[in-house]
Amino acid sequence: MAAQTGAPPQLEIETRLFIGGEFVESADGGRIPVINPHDNSTLAEISEARQPDIDRAVEAARRAFPAWKRMAAAERGRLLLKLADAIEADAAYLAELESLDTGHPIRDTRGLDVPRTAATFRYFAGMADKNEGSVIPVEPGFLNYVTREPIGVIGQIVPWNFPLMFTSWKMGPALAAGNTVVLKPAELTPLTTLRVARLVAQVGIPPGVVNIVPGYGNVAGQYIAEHPGIDKIAFTGSTVVGRKIVQASAGNLKRVQLELGGKGANIVFDDAPMDAAVNGSAFAIFHNQGQACIAGSRLLLHEKIVDEFTEKFLALTKSIRLGNPLDPATEMGPLTSPGHRDRVLSYIEVAREQGSTILTGGKVPADPALRAGCYIEPTVVTAQPSDRVCQEEVFGPFVAITRFKDEAEVIGVANSTQYGLGGGLWTRDLQRGHRVAAAIRSGMVWVNSYKRVSPGSPFGGVGQSGYGREMGFEAMHDYTETKSVWVNFDANIPPFYKRP
Ligand code: NAD
């Protein structure tokens, strides 16, 4: 535990690595500064995990694996339930820390991030002892049963956009299935994950089952992906890094699960419930400052409603309250880092150069109180489907509007990027809703809503958005290996080699 500068005095921030059930400094004393994106002050300096620390974490996870695997599944579930309860008991602290570290408005960290984190652990706690196998009808005289066994030590690499929630998405199913984990939070936002480590120890999850090793991607992340002592890697992040993970994983052919980028198409047909579509489309892109892989960053509007919709959408966009994430009235906080703020601003230039009209936003806010932080005004532009801003992930409060004439055209446009993660459509015609949902090439589709997630519903993408699924039974299956066991119970089965 170390002193920190920019945090409110009541928050004690854990800054050390969590390995083998203990908080420890990194072997060579490396440090990573963690900033508060509201004003770019330093929140804390945390220990930086490098290769020797990852080696220790993998050893601890390997040692812990046999007993954790053997533990009654219901008992693993009971410990995860206790962790969910501990997260709820710690909700006020976790919400504040997540807001400070990421810039998420406190109304979201209190109302969404923390409750969803507890709910995800609770869901997978319940699933621990329901991870059933099957009996296969094979030829007479044999019993063939299939069990699901944990894979072993899982390396988990998490991005900075929903660090607390994604910790539960990754750890929940892996632990419930009987694996042990070495989890690397993003270097920008490690603080709530380290707090969860403390709760892991508090509820009695055995040492080594969970190891938390914040570090830089090209050092700690790369080493985790390469490590021969790790049996599977579960990665959430950009498509570019996803490819590096696949290459790095080849040394020991570890299993790989990838949740990568997206460029969500959000389609509004001319019969859409207008006010709900306007509101839901704003949530689709502006929630969490647009830093969401499933953000509805392409807004495709039918030509008959484009004017009416745009007018209402712009009015709502201009009314979004930007401000300090710790203010309960704030609806949009800063982006999570100065580097990322600059990247998003550079896309506004790209839009200008490609002939987009900036309908609103496009700048750092004028308010002097916000200029010290990583704020950008919510931005709406016009664009053509082939423009870079409609093809590349901007990952900010930036939405591109394109108009369309009919269903066939818009399905083509929706499917015209390399990604295939999430997409949505708004219509009162239920038949069209199902038809278009089936035609969109993506892992998730929302009809008359956007960005709904639930611990039970599979989450993941196709194409360059990755492979494998988080949440639900799919996630449990992705964290297990099947084993097929054949038992001969008929002594009269003729031998293969007949001898006198
Ligand atoms: P990123 O790929 O830069 O980093 C993600 C994580 O990978 C971080 O922990 C980082 O330290 C680590 N990393 C970086 N380089 C690495 C390397 N060479 N080897 C191993 N690890 C490395 O992504 P980001 O900027 O943190 O997050 C934003 C991206 O994540 C966006 O593209 C977004 O769409 C994607 N994302 C996807 C999902 C999903 O479920 N599909 C969810 C959230 C975010």
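Author: Two strands pair if DSSP finds at least two bridges between them. Strands here are DSSP runs of E with at least two residues, helices are runs of H or I with at least four, and both are numbered from the N terminus. This is a predicted model, with residues numbered from 1 along each chain as its sequence is written.

Reader: What makes β10 and β11 a pair?

Author: Five bridges join β10 (residues 232-236) to β11 (residues 255-259). The rule asks for at least two, so the strands pair. They run parallel, and Phe 235 has Leu 258 of β11 as its bridge partner.

Reader: Which strand pairs with β11 in the antiparallel sense?

Author: That is β19 (residues 466-467), joined to β11 over two bridges. Since at least two are required, this too is a pair. Leu 258 has Tyr 467 as its bridge partner in β19.

Reader: Why is the unit of β10, α8 and β11 called right-handed?

Author: The word describes the crossover: with the strands pointing away from the viewer, the path from the first strand over the helix to the second runs clockwise. β10, helix α8 (residues 239-248) and β11 make a β-α-β unit of this hand.

Reader: Why are β14 and β18 said to stand at the edges of their sheet?

Author: The open sheet has seven strands in the order β14-β15-β16-β13-β12-β17-β18, with mixed pairing. β14 (358-360) and β18 (444-447) each have a single partner strand, so one side of each is left without a neighbour in the sheet. The partner of β14 is β15 (residues 379-382), antiparallel to it and joined by two bridges. Ile 358 stands opposite Val 381 in β15.

Reader: How do you know which strands helix α10 touches?

Author: Contact means heavy atoms within 4.5 Å. Helix α10 (residues 306-319) touches β12 (265-268), β13 (298-302), β14, β15 and β16 (398-404). Its direction makes about 145° with that of β13, where axes are lines fitted to C-alpha atoms, for helices over the stretch in contact, and angles run from 0 to 180 degrees between N-to-C directions. Helix α14 (residues 407-414) lies across β12, β13 and β16, at about 175° to β13.

Reader: What makes a group of residues a nonpolar core?

Author: It is a set of buried Ala, Val, Leu, Ile, Met, Phe, Trp, Tyr and Cys residues joined through side-chain atoms within 4.5 Å. Buried means under 20% relative accessible area, exposed over 50%, and partly exposed in between, with a 1.4 Å probe and protein chains only. The largest core has 91 residues, and Met 171, Ile 205, Phe 309 and Phe 313 have the most contacts inside it. Helix α5 (residues 163-176) gives it the most, with eight residues.

Definitions and conventions:
This is a predicted model: local features need pLDDT of at least 70, side-chain atom pairs count only at pLDDT 80 or more; totals for chains, interfaces and linings use all residues. Side-chain values use heavy atoms; hydrogens and water are left out.
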